[in-house]
Amino acid sequence: LQPSPTAIPVVVPDQEEEFEVERIIDKRKKKGRTEYLIFWKGYPLEEATWERISNLNNAKESIQEFEDS
């Protein structure tokens with residue numbers, strides 16, 4: 001993924017840069033693992049990516065909103 005000019009990663013001291021979730025679009029199971037289709041804040045929709053739930057530790061609120069809808 002190449003950042004768009006408006007994408008600004010969240011930088012946490014002493015950690016890797018982190019990108020902000022705009023919203024979760026879909027959910028699937030792949031090889032027994034849950035993955036969510038993530039629409040990243042500041043990126044176009046066509047750059048949405050499937051991410052394992054284990055990679056989304058800081059997106060619990062977005063996950064809960066998706067699951068509740």
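**View 1. Glu 51 touches Thr 34, Glu 35, Tyr 36, Ile 38, Trp 40 and Leu 56, with residues up to four places away in sequence left out of this list.** A contact here means heavy atoms within 4.5 Å. The structure shown is a predicted model, in which local features need pLDDT of at least 70 and side-chain atom pairs count only at pLDDT 80 or more, while totals for chains, interfaces and linings use all residues. Residues are numbered from 1 along each chain as its sequence is written, and side-chain values use heavy atoms, with hydrogens and water left out. Glu 51 belongs to strand β3; helices (H or I, at least four residues) and strands (E, at least two) are DSSP runs, numbered from the N terminus. The side chain of Glu 51 also makes a polar contact with that of Thr 49, at 2.8 Å. Such a contact is a pair of N or O atoms within 3.5 Å; within protein, one atom must be able to donate a hydrogen and the other to accept it, and residues adjacent in sequence count only if both atoms are side-chain atoms.

**View 2. Glu 51 is buried and yet has no salt bridge.** Buried means under 20% relative accessible area, exposed means over 50%, and partly exposed lies in between, with a 1.4 Å probe and protein chains only. A salt bridge is a side-chain nitrogen of Lys or Arg within 4 Å of a carboxyl oxygen of Asp or Glu. For Glu 51, the nearest side chain of opposite charge is that of Arg 52, which is 7.9 Å away; in this count Lys and Arg are positive and Asp and Glu negative, whereas His and the chain ends are not counted.

**View 3. The largest nonpolar core has nine residues, namely Val 21, Ile 24, Tyr 36, Ile 38, Trp 40, Tyr 43, Leu 56, Ala 59 and Ile 63.** The largest share, three residues, comes from β2. A nonpolar core is a set of buried Ala, Val, Leu, Ile, Met, Phe, Trp, Tyr and Cys residues joined through side-chain atoms within 4.5 Å.

**View 4. Strand β2 pairs with β1 over eight bridges and with β3 over four.** Two strands pair if DSSP finds at least two bridges between them. The strands β1 and β2 run antiparallel, and β2 and β3 also pair in the antiparallel sense. Within these pairings, Arg 28 stands opposite Glu 35 in β2, and Ile 38 stands opposite Thr 49 in β3. Seven of the eight residues of β2 are buried, so this strand is largely enclosed by the rest of the structure.

**View 5. Lys 31 sits in the loop between β1 and β2.** The hairpin that these strands form has two residues between them. Most residues other than glycine have a negative phi. Lys 31, however, has a phi near 55°, a positive value in a residue other than glycine. Lys 31 is exposed, with a relative accessible area of 81%.

**View 6. The side chains of Lys 41 and Glu 20 meet in a salt bridge, at 3.7 Å from N to O.** Lys 41 lies in the loop between β2 and β3 and Glu 20 in the segment before β1, so the pair ties together parts that are 21 residues apart in sequence. The C-alpha atoms of these two residues are separated by 5.5 Å. Both residues count as partly exposed, Lys 41 with a relative accessible area of 44% and Glu 20 at 36% relative accessibility.

**View 7. A search of the whole structure finds three salt bridges, including one between Glu 67 and Lys 27, whose closest N and O atoms are 2.9 Å apart.** This pair links distant parts of the chain, as Glu 67 is in helix α1 (residues 60-68) and Lys 27 is in strand β1, 40 residues apart. Glu 67 is partly exposed at 36%, and Lys 27 is partly exposed at 35%. Another salt bridge joins Glu 35 to Arg 28, with the closest N and O atoms 2.7 Å apart. In that pair, Glu 35 counts as buried at 10% relative accessibility, whereas Arg 28 counts as partly exposed at 29%.
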